[in-house]
Amino acid sequence: MRQAEILAPVAVYIHWPYCARICPYCDFNVVRDRGRKGEQADLVAAIARDLQAQAALIPDRKLVSVFLGGGTPSLMDPAAAADLVALARRLWPSDGEIEVTLEANPTDAEAGRFDAFAQAGVTRLSLGVQSLDDAALAFLGRNHDAAEGRRAAEVAAKAFPRLSLDLIYALPGQTPEAWATELRTAAALGAEHVSPYQLTLEPGTPFDRAVRRGRFAPADPDLAGSLYDVTQETLEGLGFEAYEVSNHARGEAARSRHNLAYWRGEDYVGAGPGAHGRLTLDGVRTATEAAKGVRDYIANVDATGRGWSEREALGPVARAEERLIMGLRTLEGVALDELAPLPLHRLRDLEAAALVRLIDGRLIATAKGRVVLDRVISELAT
Amino acid sequence: MTPLSRIRNFAIVAHIDHGKSTLSDRLIQETGGLTAREMTAQVLDSMDIERERGITIKAQTVRLNYKAKDGEQYVLNLMDTPGHVDFAYEVSRSLAACEGSILVVDASQGVEAQTLANVYQAIDNNHEIVPVLNKIDLPAAEPERVRTQIEEVIGLDASDAVLCSAKSGIGITDVLEAIVTRLPAPKGDENAPLKALVVDAWYDAYLGVVVLVRVFDGRLKAGQQVRMMQTGASHRIDKVGVFLPKNTDVESLGPGEIGFMTASIKEVADAAVGDTLTDEKRQTEKALPGFKEVQSVVFCGLFPVDAADFEDLRAAVGRLRLNDGSFNYEMESSAALGFGFRCGFLGLLHLEIIQERLSREFDLDLIATAPSVIYKIAQIDGTTIDLHNPADMPDPMKIESIAEPWIKATIFTPDEYLGAVIKLCQDRRGSQRELSYVGTRAMVVYDLPLNEVVFDFYDRLKSISKGYASFDYQIEDYRIGDLVKMQVLVNAEPVDALSMLVHRSRAEARGRGMVEKMKELIQPHMFQIPIQAAIGGKIIARETVRALRKDVTAKCYGGDASRKRKLLDKQKAGKKRMRQFGKVEIPQEAFIAALKMDDD
């Protein structure tokens, strides 16, 4: 029996690309779910093989999290989810208390399967309620209304030990007051964790095209700034700590262990179409990306045992840049040692401007720095 | 050697686009200089820029062998002259090499500003002039009206003007016959000491510096030791030849002949246009009249966009100088733009051509500072200095007065744009000298300060007249003006590359325009950035770039690290095109745009 305690951690991300409906703002690797049972069963089998092959490369890790993301993994057969979670637990040792997160859409149909997913080993549900306003949900192209979202949250709160809610803000016409009210309502639904995201126009999405055609205007920077400020104040007032730019948790235990693996620069295995991974192989941090198409992914696994279509050994600068990009988003910040390969010319200026702080050898963005973090990162890295 | 009576040396005088190059090509083709297969359009304008813009920068010549209707074989030397006021001196020397001109006027467009300036130069050189109406086959051609216009505006008898269409090949023989019968033969003495005019010179990759010469007296041949009478330099001639139009060596050139020589001359600047060549051992007594030293009229700083390209820029300006003796440069350093060169030009077109050649032939991205003229500053201590860089302006307390160059501008415009043209001239501090009509076209003559003209005048004129107005100018005199140095301050620090001398009455409008443009182009920083225009300590315009409000990616998970890293790589590349100025990053576009703006 290996000693799980002294091993480096690993998190596992499993991508389930199918969605009942594709949202107009989404640029993730998703496909319409056309109920192709055979293809989906092949995909589950391929993901399982992929996990086994990658585990063979990094067996000496302690499993801390499995994350079923998508797409809409709540549309998956709960039994398949159970098999994959169990497989991951067999492939890597753990100390028993791993976090298993499932992303879910708040429709009545999916809520009806929450118990089955809890049985499958899911300990944490990340529920995409997005809004508690019917007009906003219609604008966002969601296939549920506000009441359905509330019901799903209630069911989830009972079915799973931990619940997180995703919300989207900065929708056309949204005022800071209305947004604060919505946040308070959501917080009362029994979640320990809230992820409020500003609506972002991703290139190539229907929303991006709509804006370019003048159908609606994105929030101007002043309003977006006010909405962000309101988010921080409201959630803090309700006991949620902003431990990352868009993630708020009631207490340390409620933080997403899985996402912390990304932000801390720990190893994570990606399996499923388009999944990204970061593995330390022979001391070299290696970025992996799986084939995006479902059939391409399955074919890759059939041919090589793994789904990877790209693999890049990260040099010291790239490695440090990733640490900066990810680590500075959190309250923990990033150890200055890890940033040594970067220019950091403006570090003193940024510190003097109270945008970052140095505490015990760690670089941490202040609240003021976090709202302009992309610029702070650019100033440090270029 | 051709007898003098069988030689005709002629220039073609025309406005841009009136068909000078096409007619030249047609004459070459008609006399068998090149076969149709060898003709590419516009043989003479050999630089890319010349072809694209339809202008001639360097003088060139072609020897045409023509058997006239009188049965005799003639040598016709066609002198293709630069067609722009910037090269007025070069034009005058080219014309001095000829006895006559043909004046080409577009039969549909009529006389233009440049036609006038060039034809007057030909008249000044005592040329016989044969008017030629080109493009007579166009539906819009009005030969009778244009004939009258030539007589009224220029004062030339146009009753026996030759009608032709160079493009369609109509009337080409008539043009050749007119050259033979109506233009005078050159005069000269073969036995007198050598006296030859340096018409132009250029650098050829194979031959080195090639000097275009017109022999007046004596003979020029390979092996001869010749002296340049103005510069005092002595050279042994390697080769003499003529252009047919391909360069063809000949044994010697005699009186009345035009051709080239090479003599291991290193720089074009060593063969001064207008200099007189004579035999070292048997010198002529008097040099040819009309020689002038090259004088720069317009100046600007040229800086590489990427500071790392400075050495490339240094090499490039050095190469250009080899080929263009009228272009001057010296090193300059700017707090905002780093190292570059302060460059002097014959005029605005020359400036544009050099910039374009630097970017095109040497693949350099450049920032050009505001064009400046030479100001004459009288100081309280009685001394006078020539100022061509606002950065060198003395303390205002020491200045008695500042004088600036004024030009006489001649503008031809269709009647409907006259109001806008007059407003533009008035706005630029102009004073009207003359306004007359030729049919529906107006000719306005204005006195204008050159510093108002170097700043965007030509672009504005073209835009308000939809491209129809034509413009020409000559420098008149220096006049004292209420001129002040205007600075642009970014984050309270003056940006030297943007300072300029302006007339006090124009300072506020100019300053406002510049700070507004800068505000648009400087990206928000993490602090607010005041942008001010100031005269001395007095702020005359102000804008503020607001501080960045929010700039953070909402979602950043497993796959986003790679994506964000690629974005950083892009930003690193973008940063190369930025100028760090104190704590502020100024994109290079801002320097260019701030100097190119609308008047209104």
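How many residue pairs are in polar contact between chain A and chain B? The count is 24, with both residues at pLDDT 80 or more; a polar contact is a pair of N or O atoms within 3.5 Å, where within protein one must be able to donate a hydrogen and the other to accept it, and residues adjacent in sequence count only if both atoms are side-chain atoms. This is a predicted model, in which local features need pLDDT of at least 70, side-chain atom pairs need 80 or more, and totals for chains, interfaces and linings use all residues. Residues are numbered from 1 along each chain as written, chains are lettered from A and ligands numbered from 1 in the order written, and side-chain values use heavy atoms, without hydrogens and water.

Across this interface there are also nine salt bridges (a side-chain nitrogen of Lys or Arg within 4 Å of a carboxyl oxygen of Asp or Glu). B:Lys572 and A:Glu321 form a salt bridge, at 2.6 Å from N to O.

Now for the area: chain A and chain B bury about 3,300 Å² between them, 53% of it on carbon and sulfur atoms (accessible area, 1.4 Å probe, lost on being put together and summed over both parts). On the chain A side, A:Asp374, A:Arg375 and A:Thr382 lose the most area, together 19% of what that side buries.

Finally, look within chain A, where helix α1 (residues 37–57) and helix α2 (residues 78–91) pack at about 10 degrees, their axes 10 Å apart (helices are DSSP runs of H or I, at least four residues, numbered from the N terminus; axes are lines fitted to C-alpha atoms over the stretch in contact, and angles run from 0 to 180 degrees between N-to-C directions). That angle makes α1(A) roughly parallel to α2(A), a label for angles under 35 degrees.

Conventions. Helix = DSSP H or I, 4+ residues; strand = E, 2+ residues; numbered from the N terminus. Parallel < 35°, antiparallel > 145°, perpendicular 65-115°, else oblique. Buried area = accessible area lost by both parts, 1.4 Å probe.
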